[in-house]
Amino acid sequence: GQQGDYTSILLSSPAPGVTQITLNRPKALNALNSTLFHELNAALRNLSSDESIGAVVLTGSDKAFAAGADIKEMKDKQFAEVYKGDFLAHWTELSSFRKPIIAAVSGYALGGGCELAMMCDIILASPTAVFGQPEINLGVIPGAGGTQRLTHAIGKSRAMELVLTGRNFSAQDASDWGLVSRVVSEGSVVDEAVKVAGKIAGKGKLAVQAAKEGVNSAYELSLAQGLHLERRLFHQLFATNDQKIGMTAFAEKKKAEWTHS
Ligand code: CO8
């Protein structure tokens, strides 16, 4: 079944078209080690090709989304090994996942945990969420997007202060600064994320994929290039059945029955 032989993640189906991935190393506050990442990547690869899945929720426990990369696993690594093996490169595979993925963050999202949340498309936070890039306290720097995605999300001065001091920041700060889309009531973050994922899973998958590609390109391209790509994606959707289905349903005051084609 879906669960496969995973030991560090749990898979569940909380709503039609939605898979929930729960990071599950409770004794290590979901510290991200290589087993966990191999399992996460394998699960995402399976979900990519699963036509029935429209969106994914990624979460941890009440206490920790993830307390960062596994410090014990990496503490004795040598330069030659990490450089030759491009340590962490495969840890960012999630950022090329084409379906929407929503991080539901409770508790600690530190270091690689914060970076993992930032690789997701939407972050919802519990009031208990604690974010931070504490790598400076370990003699290193963020290695999976913390100097880049955080800066894009919250601006240079804030990102610089956080990365240089390594101090944590609250769910409210994360919300005020636009890192997360909202703070939900305590205990409801997974339910809220599943609701959002379920809503997305009910849309036409081609339009969803194009929308995600368009928004993501805003981080990569100039405004002119981004607007050009957006227009092309928009035009391309007129080659799909779902565009005819959606617009005809509107005109006939019916509910669109997407064919994802
Ligand atoms: N790595 C390994 N083990 C960890 C980690 C971690 N990051 N975090 C917690 N643990 C372990 C603890 O060692 C402890 O194990 P044990 O019971 O065997 O002693 C167990 O989890 C419980 O932790 P604590 O007893 O420390 O729990 P507290 O409630 O007292 O404290 C904290 C919680 C504040 C979160 C604390 O555990 C902490 O500071 N953790 C480390 C946070 C950190 O520095 N994270 C950054 C790591 S570096 C990093 O992420 C580099 C990014 C690389 C890219 C990643 C790609 C996505």
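Mentor: Start with Asn30, in the loop between E2 and H1. Keep in mind that this is a predicted model.

Trainee: What is the phi of Asn30?

Mentor: First the general idea. Most residues other than glycine have a negative phi. Now the case here. Asn30 is not a glycine, yet its phi is positive, near 60°.

Trainee: Is Asn30 buried or exposed?

Mentor: Count the C-beta atoms around it. A residue with 20 or more others within 10 Å is buried, and one with 12 or fewer is exposed. Asn30 has 30 such neighbours inside 10 Å, so it counts as buried.

Trainee: Which other residue has a positive phi although it is not a glycine?

Mentor: Lys253 is one, at about 55°. Look for it in the segment after helix H11, residues 241-251. Its count is 6 C-beta neighbours inside 10 Å, so Lys253 is exposed.

Trainee: Which residues of H1 are buried?

Mentor: They are Leu36, Phe37, Glu39, Leu40, Ala43, Leu44 and Leu47. Here is how to read such a list. An α-helix has 3.6 residues a turn, so residues three or four places apart point the same way. Now look down the axis of H1. The buried residues fall within an arc of 160°, so they line one face of the helix.

Trainee: What do the buried residues of H1 pack against?

Mentor: Three strands: E1 (9-15), E2 (18-23) and E3 (55-59).

Trainee: Where is Asp5, and how far is it from Glu39?

Mentor: Asp5 sits in the segment before E1. Asp5 has 6 other C-beta atoms within 10 Å, so it is exposed. Glu39, in H1, is buried.

Trainee: How many residues of H4 are buried?

Mentor: Eight of its eight, so H4 is mostly covered. Among them are Gly112, Cys114, Glu115 and Met119. They pack against strands E4, E5, E6, E7 and E8, and against helix H5.

Trainee: Which residues come nearest to the ligand?

Mentor: Of the 24 around it, Ala31, Gly68, Gly111, Gly112 and Ala144 do. Helix H2, strand E6 and helix H4 each give two or more residues to this shell. The largest share is that of H4, with three. By class, the shell has 16 nonpolar, four polar and four charged residues.

Trainee: How many residues are in the largest nonpolar core?

Mentor: The general idea comes first. In soluble globular proteins, nonpolar side chains tend to be buried together. The largest core here has 65 residues. Ile102, Ala109 and Ala197 have the most contacts inside it. Helix H8, residues 189-201, gives the most to this core: eight residues.

Trainee: Which residues does Ala197 contact?

Mentor: Leave aside neighbours within four places in sequence. Then Ala197 is in contact with Ala15, Val18, Ala55, Val56, Val57 and Ile102.

Technical notes: Residues are numbered from 1 along each chain as its sequence is written. This is a predicted model: local features need pLDDT of at least 70, side-chain atom pairs count only at pLDDT 80 or more; totals for chains, interfaces and linings use all residues. A residue is near a molecule or strand if its C-beta atom, placed from the backbone, lies within 6 Å of it. Helices (H or I, at least four residues) and strands (E, at least two) are DSSP runs, numbered from the N terminus. Ala, Val, Leu, Ile, Met, Phe, Trp, Tyr, Cys and Pro count as nonpolar, Asp, Glu, Lys and Arg as charged, and the others, Gly among them, as polar. A nonpolar core is a set of buried Ala, Val, Leu, Ile, Met, Phe, Trp, Tyr and Cys residues joined through C-beta atoms within 7 Å. Two residues are in contact if their C-beta atoms, placed from the backbone, lie within 7 Å. The arc is that of the directions from the helix axis to the C-beta atoms.
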